[in-house]
Amino acid sequence: MDKKEILRFVQTLDGASYDYPFDEDFETAVLRHKDTRKWFGIVLFAPNAYLGKEPAAGETEVLNIKVPPELSVLLRENYRGVLPAYHMNKTHWITIAPESDVPDEEVQKLLELSFEITGKRSKI
């Protein structure tokens, strides 16, 4: 899924929104709960070197979302496009590379899961 598709999908989740909270950064989109403003995802640029892509000097827009630690391990074992989260807690967050082997339907399910587990009273 590309950024436009991700943001369009987020708008279908009841109680979800996104914004661009960083000064003079109109690229990084934070996915949030409308009521608590708590993050459940972020679309940001990660270095190609982190993703194992060429040219290593460039950057690629990725999706970071929160998942249970045991699911994080399973997803990384099953998809080349799932990595420990760039620039975030690598136990609880993953990075999903665009145009990878992760099907769009799986990305949508993971976005829903992240939205659910970051909701009120989340223990993760």
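Reader: Does R80 count as buried or exposed?

Author: A note first: this is a predicted model, where local features need pLDDT of at least 70, side-chain atom pairs count only at pLDDT 80 or more, and totals for chains, interfaces and linings use all residues. Residues are numbered from 1 along each chain as its sequence is written, and side-chain values use heavy atoms, with hydrogens and water left out. Buried means under 20% relative accessible area, exposed over 50%, and partly exposed in between (1.4 Å probe, protein chains only). R80 has a relative accessibility of 73%, so R80 counts as exposed.

Reader: Which side chain meets that of R80 in a salt bridge?

Author: Side chains of opposite charge can pair when their charged atoms come close. A salt bridge is a side-chain nitrogen of Lys or Arg within 4 Å of a carboxyl oxygen of Asp or Glu. Here the distance is 3.8 Å, N to O, and the partner of R80 is D101.

Reader: How many residues apart are R80 and D101?

Author: Helices (H or I, at least four residues) and strands (E, at least two) are DSSP runs, numbered from the N terminus. R80 sits in the loop between α3 (69-78) and β5 (82-84), and D101 in the loop between β6 and α4 (104-117). The pair links distant parts of the chain, and its separation is 21 residues.

Reader: How many salt bridges does the count come to?

Author: One of them joins D19 and R32, with the closest N and O atoms 2.8 Å apart. D19 lies in strand β1 and R32 in strand β2, 13 residues apart. By the rule for salt bridges, the count comes to 4.

Reader: Which residues are linked with D19 in a network of salt bridges?

Author: D19 is buried, at 16% relative accessible area. D19 also forms a salt bridge with R37, the closest N and O atoms being 2.7 Å apart. R37 lies in the loop between β2 and β3 (39-47). The network links D19 with R32 and R37.

Reader: Why does T95 count as buried?

Author: T95 is part of strand β6 (residues 93-96). T95 counts as buried because its relative accessibility is 0%.

Reader: Which residue's side chain is joined to that of T95 by a polar contact?

Author: A polar contact is a pair of N or O atoms within 3.5 Å; within protein, one must be able to donate a hydrogen and the other to accept it, and residues adjacent in sequence count only if both atoms are side-chain atoms. The side chain of T95 also reaches a backbone nitrogen at 2.8 Å, that of Y86. The side-chain pair is joined at 2.5 Å, and the partner of T95 is N64.

Reader: Is T28 buried or exposed?

Author: T28 lies in the loop between β1 (16-19) and β2 (29-33). Contact means heavy atoms within 4.5 Å. Leaving aside neighbours within four places in sequence, T28 is in contact with several residues, including K3, D19 and F22. The relative accessible area of T28 is 10%, so T28 is buried.

Reader: Which element gives the most to the lining of the largest pocket?

Author: On a 1 Å grid over the protein atoms alone, a cavity is a set of points where a 1.4 Å probe fits but cannot get out, and a pocket is an open set with protein on both sides within 12 Å along at least five of seven lines; lining residues have an atom within 4 Å of a point. Grid points are joined across faces, edges and corners, and a volume is the space filled by probe spheres set on the points. The largest pocket has a volume of about 150 Å³. With 3 residues, the element that gives the most to its lining is β4.

Reader: How many charged residues does the lining of the largest pocket have?

Author: Ala, Val, Leu, Ile, Met, Phe, Trp, Tyr, Cys and Pro count as nonpolar, Asp, Glu, Lys and Arg as charged, and the others, Gly among them, as polar. The lining has 10 nonpolar residues and no polar ones, and its charged residues number 4.

Reader: Which residue does a cis peptide bond join to E54?

Author: Most peptide bonds are trans. At this cis bond, omega is about -5 degrees, and the residue joined to E54 is P55.
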